[in-house]
Amino acid sequence: MELQIDEHQIFSSYFSTDSIQPVAYECSKKLEEGHICFDLEEFASSHSLNIDAIKKSQWLGNEYDIDKPFVLHSGNIYLQRYFAYESDIIKHIHRIAQVEQTEQRQIEIQESSGLIELLFGHQKKEIDWQKLAALMTYRQNLSLITGGPGTGKTTTVAKFLAILLSNHPNLNVVLAAPTGKAASRLKESLKKSRTNLSMVAESVLDKMESIPSLTIHRLLGFRKNTHYFKHNVSNPLPYDLIIVDESSMLSVSLMAKLLYAVETGKRLVLLGDRHQLSSVEAGSVFGDLILANSDCTNRFLPSTAQWFNQFLDTKLDRTHITNLSKALSENTVELKKSYRFTDQSDIGKLSKSVLAGTFNRSTEFKNKSVQFYSESNIVALESFFELFANYLKEDDIKKALGLFNKNRILCPSNEGKLGVEDINYKVEMYLSGKHQLELKKPFYHNRPILVTENNYQLGLYNGDVGLIRYDDEGQLKAFFESETGELVSFNPYLLKTVRTVFAMSIHKSQGSEFENVALIIPSKTNKELLSKELVYTGLTRAKDHLEIFSSTENFEKAIAYSVKRTSGINGRLTSL
């Protein structure tokens, strides 16, 4: 029998002679669960502990005691390092958000009103939040744009860039995302937007297309075997504008290090969906920043609303105006209209009901683009396996990779029955049984692979998907599509951190989208993994067709629980 090691107990044992020991255990446990801090009074009360004795511990300090491992601030207990991360995030958010050129920028926007009208057209039935978000982003140094799939986050950014670069063609701009896949998707989205920007000068469009797209680790200058980066407060990033997609995936430590490196006076744009899963590591900073402004989302000070209204066909009314000067209220816009999922879309209807807590299994999906099956329905599951046969029949490697990436099976966990490893094995056995795959370990012809760690030497990043195939000379190679859309290949035996990827975890799927998705929610999944955010993230990876393999009871149980990660950002982020 495998010996279970309690790492939290090992950590807390260092404080065994002190009243802080149970607090140390809880700190370690909460951090593993994604929390930055926890309420000391609530914890002491529920565990019948002497709170006064804990407060007198030699290991517990306040925000100024940088040599103490634990910090008590506003009733919350932190590990020192994570209190420092949170403090730095708040400090640098305030620093970056400072704008000294608002008047000049507003003049530039007014002078660009003709281009703005051409880019956005007229929307008289409802407020054009995309236009407003673009105007806000031009006006501010710090912008947070949140919205679900298809609400136009990258469309908004493309139009904002068209306006900004028309006025400032020499600005140094960079795109970034937590994973290589998300970074390349952002780049591809901007590239595709060119077809809808015919009113913009070719030189500006060429500039937009040449903007580099990097993982955040690569952007900051990752230093092997350390927690430090090349770019920081004393060596800031050399960019005038940094645009970060999939910001909900940023942990508290990575967000802090990104903010350190943004030079004062430069622009930072954070894009994301606040309803998606947070980082695998501790923190949910993007969501915390949005929620710090929750009662003022899409509500602005009267003077700001009046300025926006001169550009809007449908005006901001009193429901969009507040006299409360909330933190980031002038820096945040939520895009609410989905252009991918209409009111008649089955996937859109399902995602809205999951978020609102109104899901009903008896709901009729008229377009049949959402289908429910029991997790034991192997016939339906194997029918989905058949979709992978399309890439196997395609000789052109680039086209085959494109065909493969149209379909994916998503699971909550890697291990266990109907987990990622089990499903990948089932797909391999099914296709092998039909003589469509010849399984030879560790690599075989037509094996699809997922990179699970950044490989800076090869230029491959966590989340990249490739295909093992024979090249023209009969050599087995791993083929990937580069950022420029060209195929690159490597000796597969150089790839030490890859796994088969007919199926992947929902966490790994963030930043991706597929035409067809099979979402499996097994009844024996660890209940700590299941949540509304997990299900929402998984189902919204599907563009056209979604098959859900789950019992009604288990699906409803999963979406009934919402992840609430504790941090002090909401309470500490004062008005800007």
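This is a predicted model: local features need pLDDT of at least 70, side-chain atom pairs count only at pLDDT 80 or more; totals for chains, interfaces and linings use all residues.

Student: At what angle do α16 and α22 pack?

Tutor: Helix α16 (residues 346–356) and helix α22 (residues 532–539) meet at about 170 degrees, and their axes are 10 Å apart. Angles over 145 degrees count as roughly antiparallel, so that's what α16 is relative to α22.

Student: Ok, and which residues make the contact?

Tutor: From α16 you have I347, L350, S351, V354 and L355, and α22 brings K532, Y536 and L539. By type, that contact has six nonpolar residues, one polar and one charged.

Student: Switching to the sheet: in what order do the strands come?

Tutor: The order is β11-β20-β19-β12-β18, five strands in an open sheet with parallel pairing. β11 (370–373) and β18 (503–505) are the edges, each pairing on one side only. On average, neighbouring strands are turned by 25 degrees against each other, ignoring direction.

Student: How many bridges join β19 to β20?

Tutor: Six, between residues 514–520 of β19 and 542–549 of β20. If you want a spot to look at, A518 stands opposite E547 in β20.

Student: Back to the helices, then. Which strands does α16 touch?

Tutor: It packs on the sheet against β11 and β20, and its direction makes about 60 degrees with that of β20.

Student: And which strands does α22 lie across?

Tutor: β12 (407–411), β19 and β20. Relative to β19, α22 runs at about 145 degrees.

How values were computed:
Residues are numbered from 1 along each chain as its sequence is written. Side-chain values use heavy atoms; hydrogens and water are left out. Axes are lines fitted to C-alpha atoms, for helices over the stretch in contact, and angles run from 0 to 180 degrees between N-to-C directions. Helices (H or I, at least four residues) and strands (E, at least two) are DSSP runs, numbered from the N terminus. Angles under 35 degrees count as roughly parallel, over 145 as roughly antiparallel, 65 to 115 as roughly perpendicular and the rest as oblique. Contact means heavy atoms within 4.5 Å. Ala, Val, Leu, Ile, Met, Phe, Trp, Tyr, Cys and Pro count as nonpolar, Asp, Glu, Lys and Arg as charged, and the others, Gly among them, as polar. Two strands pair if DSSP finds at least two bridges between them.
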